[in-house]
Amino acid sequence: MAWDEWEQLKTSAAEKGSTQMRLNGLPPEDRPNAGSSTGGFLKVDQQDLAAIGDEAFKLYNRLWTEARVTSTDTAGTNLTSQGFDLGSALSHVSLRWDKQLASLMDACALISNHMEFTEKTHQGDEIFIERHVSSIQALDAGFDEDWAKKGEKNPIYGEKPKKDKD
């Protein structure tokens, strides 16, 4: 791009009006989670994640105390020792129940732990983004073109020291 063309583009942009980068937000129509019922976007906040994790943890504890059936193991053993075929069938059902219950409890624990992890991760992401956006705003202020009038030098650089001609 030739220098003259660049100058023409700058002049054209200046004539259209002063525009600056907006880092502090988007127009409402461009925000994905603006609360529009027709937007079709999923919005989850920290309270939702915490509630899901809490319910999964409660379910895990209830399964541990209410769904375990230890009496069938002894009943199956007793019936088998007495010669009943029902004893081995009951032991088999008890073993399958324990495996299925363990699988369900593992899933509840995974959900609970994942919700806690997700909540902490998103909090960290929010802080990271806020820090970077604020540093970009500070950097953007350094590129403000109104630092000096046309033809004048930027005062930040100061005056050049004059050399003595001796």
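The chain exposes about 14,700 Å² (Shrake-Rupley method, 1.4 Å probe; for residues, only the protein chains shown count as cover), and carbon and sulfur atoms supply 57% of that area. This is a predicted model, where local features need pLDDT of at least 70, side-chain atom pairs count only at pLDDT 80 or more, and totals for chains, interfaces and linings use all residues. Residues are numbered from 1 along each chain as its sequence is written, and side-chain values use heavy atoms, leaving out hydrogens and water.

**Overall build**
- Starting at the N terminus, the elements follow the order α-α-α-α.
- Of the 166 residues, 10% count as buried (under 20% relative accessible area; exposed is over 50%, and partly exposed lies in between; 1.4 Å probe, protein chains only).
- Among contacts (heavy atoms within 4.5 Å) with a separation of 6 or more, 62% come from residues 24 or more positions apart.

**Around tryptophan 3**
- Tryptophan 3 belongs to helix H1, which covers residues 3–16.
- Tryptophan 3 is exposed, because its relative accessible area is 61%.

**Rings and charge**
- Arginine 68 places its charged end over the ring of tryptophan 64, 3.8 Å from the ring centre; this counts when NZ of Lys or CZ of Arg is within 6 Å of the centre and within 35 degrees of the ring normal.

Conventions
Helix = DSSP H or I, 4+ residues; strand = E, 2+ residues; numbered from the N terminus.
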